[in-house]
Amino acid sequence: MSVIVAQALHIFGFQSRVANNICFFDEQIIVYPSGNSCVKYHIEQKWQKFISGSEKSQGMLALAISPNRRYLAISETVQDKPTITIYELSSVPCKKRKVLNTFDFAVQEFVSLGFSPDSKYLVAQTGPPESNLAYWMWEKQRLMAIVKVDIQNNPLYQVSFNPQDNTQVCVTGNGIFKLFRYTEGTLKQTNFLRGEPQNYLSHAWLSEEKVIVGTDTGKLYLFDSGDLRWETSIERKEVPIHVEKEEPVQESESLVEFPATSSPEVSSDLIFEPETQQQASLPRVSAVATYSKGFACSAGPGIVLLFEKSEEKEGYRESREIRIPQDQCSSDPNQSDKQEVVCIAFSPAEETLLISTNKNQIYLLSMASAEMSRGETAHFEYLNCPLHSSSITGLDTCIRKPLVATCSLDKSVRIWNYENNSLDLYKEYQEEAYALSLHPSGLYVLVGFADKLRLMNLLIDDIRTFKDFTIRGCRECVFSNGGHLFAAVNGNVIHIYSSTSFENIINLKGHNGKVSECYL
């Protein structure tokens, strides 16, 4: 008797908490974490292939792709044990090449990974309290050297190899910017910081000697051979709350349209946040990536800046501002773009710029289009579609249409099409959604919110409420097979309603505890 095995067909989702969470395999294919797998995704053709995580994995922590694009290293925690798995990306399907899970030093988790320029060595940074930096010849599973980076339990964020030197490594963290060189079987620190220590969030190598480093206070530092050569401060940039009424609305090429922020009651003077609030929220340079002309860095919520080499001897000048667009389907469009950029990646030929955010979204920008629109603020667009940014609390499929509905603690309801792997509809609300059920016809959805139960129409371009029921905190709801009835749970009571007359037919009160699941 043959065994039926379920296989993933398409994954809607992204794990932003994984370090270095976007990697380019080639000009069109990227690798990113989603659930307990890594996804190989073709940007143009939109197909997915999967690299399954380890069995009994408790989650991925960091990714690294080798410079020759052949290998992918994944840091995981498997049954409370830290594990690094190296996959061969060129094989189909991707095969495990090596597994590093036996260590003769103290380690709880590896928070950042990096391959050497020749792809033969791997560095891994452990988190506090151990804060060890390990240097491997990974194919032979040989530990070459280990050093304790910090003794004060400060957070460590990133480790990387010098792109042209197998023996030099850079580590950044809170109060930590250290360069190490591998010599005679040990890792020796080669630089010593002067001045007040900063919270160094991110770094990238500009050349064999130069490293650009970003802080949580909007500072950029350029170090040459470990010595500070140039620095600048990124100014906080706010989108005006209102603009003058006559300003034309620009058409966007992204997947959603952006609403005009005009008001007839406000003059052409632009209104910004108070100065005290600006000072309290300095732009965090949480991600940096280099390219042939200079580098890109995050500059606070929803903003990425491009810097190019200036005529000064060591300096760089800001050349381009790119923003995450506002989302018209959000319950608060003015806040929808306020997402922290956690990773930036350029494609090998530098034709595409990708970013990921702390709200589990991936955005894309064509560098050619950015060059064409110089002088104007460019906008990212979604890589594929907007994804859930918090835990999914409810899921249901439709009998008569290829639809899947989900709701989430991000206060959104989304309707997915599993035939063409797309997002058909989505809308955000003011309250968290705990449960939902799709009507067999695919024309209605029943959603349990924190404040009430709502029966909603699925229109071509909207999800519109047409009936509310005073059932607070409904955690379970379901339509009958014919769709003429629905049940909704409130604590230990099950309410049965008619879908046509909306009459409360009966209330079932037999359970002593809370009802956790319901079928009709």
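**Loops, bridges and cavities**

Reply: To begin with a loop, Pro-129 lies between β10 (121-126) and β11 (132-137), where helices (H or I, at least four residues) and strands (E, at least two) are DSSP runs numbered from the N terminus. This is a predicted model, in which local features need pLDDT of at least 70 and side-chain atom pairs count only at pLDDT 80 or more, while totals for chains, interfaces and linings use all residues. Residues are numbered from 1 along each chain as its sequence is written, and side-chain values use heavy atoms, with hydrogens and water left out.

Me: What kind of peptide bond joins Pro-128 and Pro-129?

Reply: The bond between Pro-128 and Pro-129 is cis, with omega at about 10 degrees. Another cis peptide bond joins Val-92 and Pro-93, where omega is about -5 degrees, and Pro-93 sits in the loop between β7 (81-88) and β8 (95-100).

Me: Why point those out?

Reply: Most peptide bonds are trans, and most residues other than glycine have a negative phi.

Me: OK, phi then. What is the phi of Arg-69, and where is that residue?

Reply: Arg-69 has a positive phi of about 65 degrees although it is not a glycine, and it is found in the loop between β5 (57-65) and β6 (71-78). Arg-69 counts as partly exposed because its relative accessibility is 29%; buried means under 20% relative accessible area, exposed over 50%, and partly exposed in between, with a 1.4 Å probe and protein chains only. Asp-80 also has a positive phi, near 65 degrees, and its place is in the loop between β6 and β7.

Me: And is Asp-80 buried or exposed?

Reply: Asp-80 is exposed, since its relative accessible area is 62%.

Me: Switching to charges: how many salt bridges does the structure hold?

Reply: There are 15 salt bridges in the structure, each being a side-chain nitrogen of Lys or Arg within 4 Å of a carboxyl oxygen of Asp or Glu. One of them pairs the side chains of Arg-181 and Asp-165 at 2.7 Å, N to O. That pair links distant parts of the chain, with Arg-181 in strand β15 (residues 176-183) and Asp-165 in strand β14 (residues 165-173), 16 residues apart.

Me: How covered are those two partners?

Reply: Arg-181 counts as partly exposed because its relative accessibility is 29%, whereas Asp-165 is buried, with a relative accessible area of 14%.

Me: Which residue does Asp-468 meet in a salt bridge?

Reply: Its partner is Arg-454, and the two side chains meet at 4.0 Å, N to O. Asp-468 lies in strand β37 (residues 463-469) and Arg-454 in strand β36 (residues 453-458), so the pair ties together parts that are 14 residues apart in sequence. Asp-468 is partly exposed at 37% relative accessible area, while Arg-454 is buried at 14%. Elsewhere, salt bridges that share partners join Arg-70, Glu-88, Arg-97 and Glu-139 into one network.

Me: What lines the largest one?

Reply: The lining includes His-10, Phe-12, Tyr-32, Gln-48, Ile-362 and Cys-385. By class it has eight nonpolar, four polar and no charged residues, where Ala, Val, Leu, Ile, Met, Phe, Trp, Tyr, Cys and Pro count as nonpolar, Asp, Glu, Lys and Arg as charged, and the others, Gly among them, as polar.

Key. On a 1 Å grid over the protein atoms alone, a cavity is a set of points where a 1.4 Å probe fits but cannot get out, and a pocket is an open set with protein on both sides within 12 Å along at least five of seven lines; lining residues have an atom within 4 Å of a point.
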